[in-house]
Amino acid sequence: MPIQKEIYKVAVQSTVRAWRNRFERYALTGSKCPKCGQIYYPKRRVCAECHSREIEETILARQGTIESLAIDYLPVMGNMECLPIIRAIIKLDNGPSVFADVVDCSEDQAAIGMRVEMVIRRVKRESNGNLQYAHKWRLL
Amino acid sequence: MGAGIVSYGVSFPYYRVDPREIHKVWLRNMDGGTIARMGLTGRGVVGPDEDPITLAVDAARKALDMAGIEPAKVEALFVGSQTNPYTTKSMMSVIGDMLLLGPDLMGGDCQFSGKSGTMALQAVWGLVKAGIIEYGLVIATDALSLHVAPGNPLEYTAAAGAAAFLIGRENVIAEIGGTASYSSDTTDYYRLDEERFLYWGGTAMSATQVGMPNHLRGAVKQLYQKYNLSNESFTYAALPQENEGAAYKTGQILGFDKNKIEAGVFSGQIGDCGSATALIALAKILETADEGEKILLASYGYGAGSDAFSITKHGSLQKGQPGISVSDLLKKHSVIDYPTALKYERKYSGPSIKMSTYV
């Protein structure tokens, strides 16, 4: 692919950090507190409600409902091919909300209250040039 | 019951472009009438954030949901593709982590051009049949449109798609009876490591019988001799197809009538999905085949080689699985124009310097 030689190196994520949290982007792994039942995304080490440290890993639902929506016509550099981008806050079926893009539809097709499902898409290149993938959401 | 297909999933890119728009720009080799004779109504376009890995995960997710098994039970993953985004690094490790198949995973990437997917199927079927593993996943994925140069006549048909099959010994919906292959060093199309676009080996290689007709017939003949079969044993044939016309022509090469090919024809709406084509045709046939009916699966890869399989349908697909049929999935698309398609497929070279705060 034609690489824009210097542009991708500005405002990129560290490869090591991305590698450590890759399952959160790939499979929506979050945290669940066995004591009070609170579910978190992204992962935490201490429960914010009951302060228990026995927090466990859990896999979140791959379907949800759009809670809030905004159309982005002027994104941070890169992503110029995807214009306009539909940014949304999506309430997952089992608890927390995630902030992500809605894809495969035009800006007048997406609306609050619609059901969406998770898909994996390529988002950027990391600091060492590696390809990064993350979750985006598609109308059901 | 022998080893066979437990479930499957298919994925296509969302966008399509009309080949007639491409023709208006390049006027290559064919008039508008030829495009109509090819039976090509649309050609799949890879989205700006899609690539073979994203298509593969989508298809595999559908296959795992249809089977209803825990992902950690899958012990092998073989990914067939001729358009791997990485030249050194496997897609299989990335896809394995995305599907939470677990770190104890056998497999890797298979590459033999258009027969990469069936090569992966041979490997996984062998492992399951021999009892080495219980479940294995085969994914065939390609984004050919990213690697075909603008102006190349292949641009009318080169598209993208993925198909995933879960292979096991229990709850099998289609048993794989046998397989045979045929290959030789015949360079009809190729792409070197440092090149982005597919190259052509010349008319002598690609327009004569030495390529697809020779190898396809060779593999099918090997299969028939090994397992004592003939054209009459099969009710359906899942064959490589760049467009609808080509699907029936390939059938004629093997001596199959139109009615045996029809059920597996889908490329008129989307184009050539590379190594996923033959497997998507198989998925489409599985939705209509009845108990006991035999399906011939054959694929062709440039370079050149061909695989053939004999598959027997068992059991019926229950209502609700798979979630959506191949025909219905093809209907979910959006048509874009040719300049947008080129932008999405990264064929415009972007600015190499930072132009402003936002660009």
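Me: Is C105(A) buried or exposed, and what is its relative accessible area?

Reply: Bear in mind that this is a predicted model. A residue counts as buried when its relative accessible area is under 20%, and C105(A), with a relative accessible area of 14%, is therefore buried.

Me: How many disulfides does the structure hold over all chains?

Reply: In general, a disulfide is a covalent bond between the sulfur atoms of two cysteines. Over all chains, this structure holds zero disulfides. C47(A), for instance, is in no disulfide, since the nearest cysteine sulfur, which belongs to C36(A), is 3.5 Å away, whereas a disulfide requires a pair of cysteine sulfur atoms within 2.5 Å. C47(A) is also buried, with a relative accessible area of 1%.

Me: Where is K136(A) found, and with which side chain does the side chain of K136(A) make a polar contact?

Reply: K136(A) is found in strand β8 of chain A, which covers residues 131–139, and at 7% relative accessibility this lysine counts as buried. The side chain of K136(A) makes a polar contact, at 2.9 Å, with the side chain of D49(B). Leaving aside residues up to four places away in sequence, K136(A) touches several residues, among them D101(A), E117(A), R121(A) and D49(B).

Terms used:
Residues are numbered from 1 along each chain as its sequence is written. Chains are lettered from A and ligands numbered from 1 in the order in which they are written. This is a predicted model: local features need pLDDT of at least 70, side-chain atom pairs count only at pLDDT 80 or more; totals for chains, interfaces and linings use all residues. Side-chain values use heavy atoms; hydrogens and water are left out. Helices (H or I, at least four residues) and strands (E, at least two) are DSSP runs, numbered from the N terminus. Buried means under 20% relative accessible area, exposed over 50%, partly exposed in between (1.4 Å probe, protein chains only). A polar contact is a pair of N or O atoms within 3.5 Å; within protein, one must be able to donate a hydrogen and the other to accept it, and residues adjacent in sequence count only if both atoms are side-chain atoms. Contact means heavy atoms within 4.5 Å.
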